[in-house]
Amino acid sequence: MSTFTVIGLCESSEQAEKIADTLYGHIEAIAQWHINHRFKSEKLKGKPSPAELELATQYNLTWNQLHDWLIVPELDDISETVSVYDNLVFITSGETKASPQPFDALMKALVSDVLVDADGSPVMVTIEATLNNPQKIADVIQTYITQDAIAPCPWMIYLDGEKDPEADRILALEPVYLQHLRAVTALDSHPSLAGIRNPQAYAKAYMALYNTTIQALPALDVDDAELLDDLRDAGAIIPSWDNRADMPPYPTAILAQNDQISLKNVLFGEIASGLPAFLAWLEAEGASDVSYELSE
């Protein structure tokens, strides 16, 4: 299972809003069909639904697959699938077996420039800005990247482009959250688990070690941990995996010089939420002349 994001580059923010309304209406119609026809939906077995085929006819698209991420219990579950930032309109799937087609073709029918951010074909972002102290910002980003994202993520409080009303509480919780994250991540290589081959014995030993580890840490409410999980995932920048043989290298380059900062090859885990949050954070930190460019 994976996710994808189709990005339309519009001529203006006004056009992006209009296209987003159109796209959401189409996605809502597909989801509503599944809600209204649950038995028929279960019988599709990967074939496109009638609502999808109707949309294919309307736009003269080839639609060969069911988009399972639109099979939802209620319409609120698709409320964030279409979003707008600046002159960009995003279609972001949930976890799915489906490829981006034909949503890329649907977007292409409405705007001239389309990019697809998906596993194996990420969209890279170049960001430039003017700052009084660009090295301070560069250090925060570099620390986050080099520590495999187990580091402060201050832009997570700007996911909607504006500062979260609970920003101070969220940022105060993050150091404790990171203590827990580091401790739990380290358990995978704990020497007491190294020689255990039996899966059940390993699981039992792991849980005992996990409980002992958590009890020694400052308390962290489960709901708060889940909140931090969600915010950090939505704003995540994919680290540089240069030293990992099992992962492709994404060499994010950071240059801070005089009053300028330049970031190249930035990859967001969820570009529709991560990019707007990151740019809003830069501006909140005093950045001006902020610009960005997307490329496949």
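Student: Which residues are linked in a network of salt bridges?

Tutor: E166, R169 and D224 are linked that way. Keep in mind that this is a predicted model, where local features need pLDDT of at least 70, side-chain atom pairs count only at pLDDT 80 or more, and totals for chains, interfaces and linings use all residues. Residues are numbered from 1 along each chain as its sequence is written, and side-chain values use heavy atoms, with hydrogens and water left out.

Student: What makes E166 and R169 a salt bridge?

Tutor: The term needs a side-chain nitrogen of Lys or Arg within 4 Å of a carboxyl oxygen of Asp or Glu. The closest N and O atoms of E166 and R169 are 2.9 Å apart. The pair therefore qualifies.

Student: Why is the contact of D224 with R169 called a salt bridge?

Tutor: Its closest N and O atoms are 3.1 Å apart, so it meets the definition too. D224 lies in helix α8 and R169 in helix α6, so the pair ties together parts that are 55 residues apart in sequence.

Student: How do you know whether D224 is buried or exposed?

Tutor: Buried means under 20% relative accessible area, exposed over 50%, and partly exposed in between, with a 1.4 Å probe and protein chains only. D224 has 15% relative accessibility, so it counts as buried. R169 has 38% and therefore counts as partly exposed. E166, at 39%, is also partly exposed.

Student: What makes E174 and R232 a salt bridge?

Tutor: Their closest N and O atoms are 2.7 Å apart. That meets the salt-bridge definition. E174 lies in helix α6 and R232 in helix α8, so this pair ties together parts that are 58 residues apart in sequence. E174 is buried at 5%, and R232 is buried at 6%. A search of the whole structure finds 3 salt bridges.

Student: Why is the link between the side chains of E174 and R232 also called a polar contact?

Tutor: A polar contact is a pair of N or O atoms within 3.5 Å; within protein, one must be able to donate a hydrogen and the other to accept it, and residues adjacent in sequence count only if both atoms are side-chain atoms. This one is 2.7 Å.

Student: Which residues form the negative surface patch?

Tutor: D221, D223, E226, D229, D230, D233 and E270 form it. Asp and Glu count as negative. Patch members need over 30% relative accessible area and no salt bridge, and like charges are joined within 9 Å. E226, at 44%, counts as partly exposed. Its place is helix α8, residues 222-234.

Student: How do you know whether D289 is buried or exposed?

Tutor: D289 has 63% relative accessibility, so it counts as exposed. D289 lies in strand β8, residues 288-295.

Student: How many helices and strands are there in the protein chain?

Tutor: There are 9 helices and 8 strands. Helices (H or I, at least four residues) and strands (E, at least two) are DSSP runs, numbered from the N terminus. Of the 296 residues, 43% count as buried.

Terms used. Patch = residues over 30% accessible without salt bridge, like charges linked within 9 Å, V, L, I, M, F, W, Y side chains within 5 Å. Areas by Shrake-Rupley, 256 points an atom, 1.4 Å probe, with all protein chains shown as cover. Charge placed at Lys NZ, Arg CZ, Asp CG, Glu CD.
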